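Open the model in your viewer and keep the sequence panel beside it. The stops below run from the whole chain down to one residue.

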Amino acid sequence: MLYDVSDEAGDLSPTELRALYETELRDTISAVGIETVATKSDVDVEIIEELAGGDSPALTLEDAASILACNDDLPDKRTILVEVRDHLLMGMTMAILDVEAIESGLNNHLDARDIQQKIEGRAPMTLTEFASLHQFIESRKR
């Protein structure tokens, strides 16, 4: 699943992590077919085609979970989202991080409240934001 695309997530850049996520999504699309993903997922067919073609379209974490859930070997979308968010929360616990520490460490447009809402699933999270959070948290778990 997305959170386990690399054992060295903390050593990669968010851009490198996002590329690994996209590879995992492309693998799912390739395995089950564009038509199946378009039918089973909540993702627009044009976005699926762009991703399958090697582009990096704007995706949310929910989009990624919807695509991955098309693979019968993986859990449903809701379970994937819960597991991904739990992984972030567990990483924060292991690294002894709170949302304020993440805000100051990321130095981007997300404030602590935004980060908390995104991790809890109360606000949408882009795949790029997930990559930034994932990388930062993993880099602090040492």
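The tour starts with ground rules, then goes from fold to surface to loop.

This is a predicted model: local features need pLDDT of at least 70, side-chain atom pairs count only at pLDDT 80 or more, and totals for chains, interfaces and linings use all residues. Numbering runs from 1 along each chain as its sequence is written, and side-chain values use heavy atoms, without hydrogens or water.

**Whole chain.** Switch to cartoon. The protein has eight helices and zero strands, in the order α-α-α-α-α-α-α-α. Helices here are DSSP runs of H or I with at least four residues, strands are E runs of at least two, and numbering starts from the N terminus. Show the C-alpha trace: it spans about 45 × 30 × 25 Å along its principal axes.

**Packing.** Colour by relative accessible area. Of the 142 residues, 44% are buried. Buried means under 20%, exposed over 50%, and partly exposed in between, with a 1.4 Å probe and protein chains only. Next, draw contacts (heavy atoms within 4.5 Å). Among those with a separation of 6 or more, 61% join residues 24 or more positions apart.

**One residue.** Select isoleucine 96, in the loop between helix H5 (77-95) and helix H6 (99-106). What is its phi? Phi of isoleucine 96 is near 55°, a positive value in a residue other than glycine. Most residues other than glycine have a negative phi. Isoleucine 96 is also exposed, at 75% relative accessible area.
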